[in-house]
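Hello,

Here is the structure you are taking over. My notes on it follow below.

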Amino acid sequence: MTQLQPPERLVRTVSAWEGEAGRAWLEALPGRVADHLGRWELRAERVFNPGGHISMIVLVRRADGTPAVLKAGMVNAETRHEHAALARWDGRGAVRLLDADPADGVLLLERLQGDVSLRSLPEQKAMLEASALLQRLWVPPGDDHPFDSVADHTARLTTTLRARREQAWAADVRQLIDEALDARERALSEPVTDVLLHGDYHHGNVLAADRTPWLAIDPKPLVGDPAYDLAWLVRDRLDTLAASPGAESAARRRVTKLADSLDLDRERLRAWALFRAVEAGVWSLSVGDHAPAELLLEFAGWL
């Protein structure tokens with residue numbers, strides 16, 4: 001049987017971001033997918049394009065004919081506990097986990113409408129739907145949970161951010177980096193009730209479903225301050241926001257509106273939005289992806 005091959009976008013991004021290790025993972029990926037198709041008695045329909053940036057998505061049928069999705073992704077610090085978060089949510093607000101091989105990064109998931117995300121809705125409606133769904137995901141993480149804390153995760157990001165600050169290419173953004181580091185300290189200084197967080201929550205990671213209108217996918221779970229999760233939503237549809245009149249004021253209104261809608265502290269949300277935008281922007285600069293970097297850093301400056 002001919003093995004399924006990874007989509008072009010997956011090959012491009014993994015090769016660029018992960019280098020030789022990424023290329024080795026890509027080489028082994030078709031065999032890994034074939035192995036799990038056989039192990040779980042699945043019939044492949046097609047590879048979903050363009051798929052994920054670090055995962056291959058295959059539309060499959062289970063032995064009883066039920067549609068499902070096989071997701072084979074790279075295992076790293078952010079993705080290694082995706083299965084545990086999905087199991088904790090158990091289909092409440094998120095895609096349902098049907099089976100998992102965490103060591104190989106292979107998950108069997110219920111099938112959603114992969115072509116229909118919250119990006120298909122007008123912005124105001126999408127934000128309302130996103131906020132309501134996100135609140136359902138903020139549950140206690142459970143006893144003896146495996147998830148990293150926001151404090152520990154952002155401490156590692158801070159170490160990397162400080163190192164990148166000293167690079168010659170970062171000269172123009174050093175002040176913004178310093179502001180982001182200060183913002184993180186402020187956000188962590190206030191005690192909050194820890195909950196399970198999605199970690200990468202935006203309109204593109206919320207898909208239409210059959211058993212409920214919308215479900216979240218692709219978590220990079222953490223435990224900590226809900227404002228950290230909401231901070232990524234603040235900068236959603238950033239290209240549209242940047243092109244609108246009064247973008248700076250509109251960005252600040254977003255912070256206020258989203259914080260108030262979920263009863264979170266506005267300043268803590270602003271601090272996390274600033275930190276996450278700068279960290280992502282500087283990472284994009286470090287891999288030579290200048291267009292999104294400039295947009296993210298401009299957004300951070302508005303806050």
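**Notes on the sheet and the helices**

A72 stands opposite V106, which belongs to strand β5. This is a predicted model, in which local features need pLDDT of at least 70 and side-chain atom pairs count only at pLDDT 80 or more, while totals for chains, interfaces and linings use all residues. Residues are numbered from 1 along each chain as its sequence is written, and side-chain values use heavy atoms, with hydrogens and water left out.

Strand β3 (residues 67-73) and strand β5 (residues 106-110) run antiparallel and are joined by 5 bridges. Helices (H or I, at least four residues) and strands (E, at least two) are DSSP runs, numbered from the N terminus; two strands pair if DSSP finds at least two bridges between them.

The open sheet has 5 strands in the order β1-β2-β3-β5-β4, with antiparallel pairing. Its edge strands, β1 (43-47) and β4 (97-101), each pair on one side only.

Helix α1 (residues 8-39) packs on this sheet and touches β1, β2 (55-61), β3, β4 and β5. Contact means heavy atoms within 4.5 Å. The direction of α1 makes about 135 degrees with that of β3; axes are lines fitted to C-alpha atoms, for helices over the stretch in contact, and angles run from 0 to 180 degrees between N-to-C directions.

E82 is in helix α2 (residues 82-89). Is E82 buried or exposed? E82 is buried, because its relative accessible area is 7% (buried means under 20%, exposed over 50%, partly exposed in between, with a 1.4 Å probe and protein chains only). Beyond four places in sequence, E82 touches K71, L107, D218, P219 and P221.

Regards
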